[in-house]
Amino acid sequence: MATRGLIVRHKSLLHQSRGAILQCIARRNASAIAVPTSTASENIDHDVTREASVPNPDPPANSPTAAQLSEHTPYMVATYVRPPPMIVKGEGCYLWDAENRQYLDFTAGIAVNALGHCEPEIAKLLYQQAGTLIHTSNLYHNPWTGELSKLIITKTRSAGAMHTASKVFVCNSGSEANEAAIKFARKVGKTRTPSGTQHEILSFHGSFHGRTMGSLSATPNPKYQQPFAPMIPGFKYATYNDETSINELITEKTCGVIIEPIQGEGGVNVATPSFLQALRTRCNEVGAVLIYDEIQCGLARTGQLWAHQILPKSAHPDILTTAKALGNGFPIGATIVNEDIAKCIVTGDHGTTFGGNPLACRLAHYIFSRLSDPELQSAVQAKEHVFRHHFARLRHKYPRHVTEVRGRGLLLGLQLATDPTPIVTAARERGLLVITCGTNTLRFVPPLIIREREIDEGCGILERAMDVVFGDGGEEVQGTKGQQEMAPRGR
């Protein structure tokens, strides 16, 4: 309530006399380099208009936030392009920046904070476990790695997902989980054909499996592979949802096929059940391992514990990878395998120093328990309908600009006909955080605990942002680049 009061007072200030705002901006710009009077006056007029019309204007170049960023930036490798705000606090579905601006978060840390920001029980467990035992390495047993593994297998099978799930390898991230899956598939191929001829991995255009060399080799985008070429040999690529190419590309040389049942970064593209069934059938024919990457689409994000559990058992995977929501922001990933895969992996084949530490596993045990709750999953399905109702109105209002809605549950994509990044900026400056994916797609991955009124609030802000960008006499809004995991390089 205190934060909302600050926002109300901030809006009240913006409606004070123009002279008072001019004085405020003049003081703020006092340290800036001198410019001709006419230009300074024009800049002040622009700032007055902008600050009076935008509830959450980005911190200006001479703000305390900008000063802190200028101090830090020289020491950071430039791997990301970020917008101006600096986030310092979170609670539930809201975030606050260093200037005390409030944002409704439709991003959840890229589908990570499924239970919201600073969930009280997670904070309590983190404190308790950090005061008991954080790390021992995998040279010794700890109680929580086994408890988490047991929970994952038990809940996965009882939910009707991966019916052959048998064992879990716990690691630190999604990329590590996929690296393990790729290595395990290679080991299976080498076990079955010691000559090494069964070594190829098939993945799909539009996929994103990670940034380490194995997972990057399975992510067929030249923009990201070329700087680190050559990739690991033996990777082939197919077209998503194209059943006609399966028999030609999956052969006796194929040891593994890795696919996202719903491509997140690629544009919220949903694999058809018949396509996934065809992959499973062909993998069975040639003895290849089928890997489902559910790092983004799993853990109740679609309204089921796992996205693939709507499929018959005959289409289930041999390996299932997860991360993101598993730690709700704390680094952890997992690779789930069936008994046939597990038998091929022996001591020394793979490992991790930090993976499976008691702190991460205790948190993940609580989080997985919450996300496997059928009531939470049913609520996700209901919230999908609320989003789709708002999206239908936006399509009706802007039919030339909003062309399609894709996805399941609370992994939804709004396909635009043009660059969506001005919408990202306009929404942020009105108090809503959204991100992009694929080509001209807005992605919606809010916390799964989001309330209906918060969906209404956020979609109202989104509509106002579209009014600004798409409406008659719309403003020219600078796009926000870098708002997806595999954003264009150098931007």
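At what angle do the axes of helix α15 (residues 374–397) and helix α17 (residues 452–470) cross? The two axes cross at roughly 20° and come within 10 Å. Axes are lines fitted to C-alpha atoms, for helices over the stretch in contact, and angles run from 0 to 180 degrees between N-to-C directions. α15 and α17 are therefore roughly parallel to each other (angles under 35 degrees count as roughly parallel, over 145 as roughly antiparallel, 65 to 115 as roughly perpendicular and the rest as oblique). Their crossing is right-handed, that is, the near helix is turned clockwise from the far one by less than a right angle. From α15, the contact takes in K383, V386, F387, H390, F391, R393, L394 and K397. From α17 come E452, I455, D456, C459, L462, E463, M466 and D467. Contact means heavy atoms within 4.5 Å. By class, these residues are eight nonpolar, one polar and seven charged. Ala, Val, Leu, Ile, Met, Phe, Trp, Tyr, Cys and Pro count as nonpolar, Asp, Glu, Lys and Arg as charged, and the others, Gly among them, as polar.

The model is predicted; local features need pLDDT of at least 70, side-chain atom pairs count only at pLDDT 80 or more, and totals for chains, interfaces and linings use all residues. Residues are numbered from 1 along each chain as its sequence is written, and side-chain values use heavy atoms, with hydrogens and water left out.

The chain contains 17 helices and 17 strands (DSSP runs numbered from the N terminus: helices H or I, at least four residues; strands E, at least two). Of its 491 residues, 53% are buried, meaning under 20% relative accessible area with a 1.4 Å probe, protein chains only. Among contacts with a separation of 6 or more, 74% link residues 24 or more positions apart.

E121, I122, L125, L126, Q128, Q129 and A130 of α6 meet P358, L359, R362, L363, Y366 and I367 of α14. The contact has nine nonpolar, two polar and two charged residues.

Beyond neighbours within four places in sequence, E119 is in contact with Y366 and R370. Y366 also belongs to the α14 side of the contact with α6.

Conventions:
Buried means under 20% relative accessible area, exposed over 50%, partly exposed in between (1.4 Å probe, protein chains only).
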